[in-house]
Amino acid sequence: MAPVSPLDLSQSRVLVLTGAGVSAESGLATFRDSNGLWEQHRVEDVATPAGFANDPELVWRFYSRRREQAKTVEPNAGHRAIAALEARLGDRFLLVTQNVDGLHQRAGSERVIEIHGSLFRTKCWACDLEPFHDTASYMAERLPICDRCEEAGRKALLRPDIVWFGEMLDPNHLHAIDSFLRRGHGTPLVFLAVGTSGAVWPAAGLVHQARGLGASTILVNAEAAENTAHFHRFLEGRSAEILPVLLGADGPASG
Ligand code: BV8
């Protein structure tokens, strides 16, 4: 790893975007590591509304396996360094994650927007039932159905509360991100992306949004990403190694 010195973020506003590479350090496979494949299915075919309509058992098997796996791993030093920065910066910090594994929250992060949803939340495929916390695995037995729909005489499956390919992200999330980037104009803005291939939109476009608002932009990734060229700085290496140094796990106090 090339030498990395701590950033002085004491007077900055910081937006962090994380991807599967941050969780890879905890032992969870990334999307690209598996060449985007799972049980010989392309993830883009499983993690889609059409995939669920076509084979809900396969999709529930995919997510149940990932729920089980995510329960067996722990947050790593990269997650902890991000949580420590939030503790120092308070409302001058925001974490946007593409990860659905909940490891950031388990490391202590609170100001988190899960733009692709959560493994541990389930919702109804058909009605606007409030998504609920759910750690269950639905492998062989009957797939979960919506009680509320059943009471209304309809049969509807429950589904993971995940943003699938081809589905819109929550507009409230996008609005919260935009207003964070625009708020407090005048304080230096830093956009830090970590462990993401920059392959999935609109998350991959955040670097452009941040630069357009004057942010200095840094990418920390194990290899060049699809949008590396759009970052002012690219630090190649492992997030669990770089982040504690870069963010100064015990770095400068917030000013
Ligand atoms: C939408 C939930 C509007 C699933 C996920 C063409 C151009 C532009 C856009 C599109 C297009 N064609 C289709 C689209 C839209 C599509 C898209 O972007 N497709 C891609 C494949 C081209 N986007 C959408 O559909 C989004 N919605 O656009 O709505 C719309 C509506 C209708 C029709 C069209 C558009 C919704 C996207 C959300 C999809 N859901 N997750 C699930 O998790 O099960 S995305 C999925 O990929 C995960 O969330 C994952 O996080 C995400 C991105 O992957 P990464 O996190 O970056 O992970 P990856 O493996 O790719 O990379 C990891 C990186 O870490 C690697 O670079 C590796 O080198 C590095 N690394 C590894 N170890 C380490 C490390 N780095 C540091 N340290 C380490 N130790």
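Let me begin with a term: a polar contact here is a pair of N or O atoms within 3.5 Å, where, within protein, one must be able to donate a hydrogen and the other to accept it. Please also keep in mind that this is a predicted model.

The chain is divided into domain 1, covering 1-28, 73-116 and 169-255, and domain 2, covering 31-68 and 119-162. Eight residues of domain 1 and 7 residues of domain 2 make up the contact. Between the C-alpha centres of the two domains the separation is 28 Å.

What area is buried between domain 1 and domain 2? The value is about 570 Å², with carbon and sulfur atoms giving 52% of it. As for specific interactions, 2 residue pairs are in polar contact between domain 1 and domain 2, both residues being at pLDDT 80 or more. The salt bridge count between the two domains is 1. I also note a salt bridge of R121 with E114, in which the closest N and O atoms are 3.5 Å apart.

I turn now to the sheet. Three strands form an open sheet in the order β7-β6-β8, and their pairing is antiparallel. The edge strands, each pairing on one side only, are β7 at 132-133 and β8 at 158-162. Strand β6, residues 117-124, runs antiparallel to β8 and is joined to β8 by 4 bridges. Within β8, P160 is the bridge partner of T122.

Finally, helix α4, residues 56-71, lies across β6 and β8 and runs at about 140° to β6. Thank you.

Methods
Residues are numbered from 1 along each chain as its sequence is written. This is a predicted model: local features need pLDDT of at least 70, side-chain atom pairs count only at pLDDT 80 or more; totals for chains, interfaces and linings use all residues. Side-chain values use heavy atoms; hydrogens and water are left out. Two strands pair if DSSP finds at least two bridges between them. Helices (H or I, at least four residues) and strands (E, at least two) are DSSP runs, numbered from the N terminus. Contact means heavy atoms within 4.5 Å. Axes are lines fitted to C-alpha atoms, for helices over the stretch in contact, and angles run from 0 to 180 degrees between N-to-C directions. Domain bounds come from an automatic or database domain assignment. Buried area is the accessible area (1.4 Å probe) that two parts lose on being put together, summed over both. A salt bridge is a side-chain nitrogen of Lys or Arg within 4 Å of a carboxyl oxygen of Asp or Glu. A polar contact is a pair of N or O atoms within 3.5 Å; within protein, one must be able to donate a hydrogen and the other to accept it, and residues adjacent in sequence count only if both atoms are side-chain atoms.
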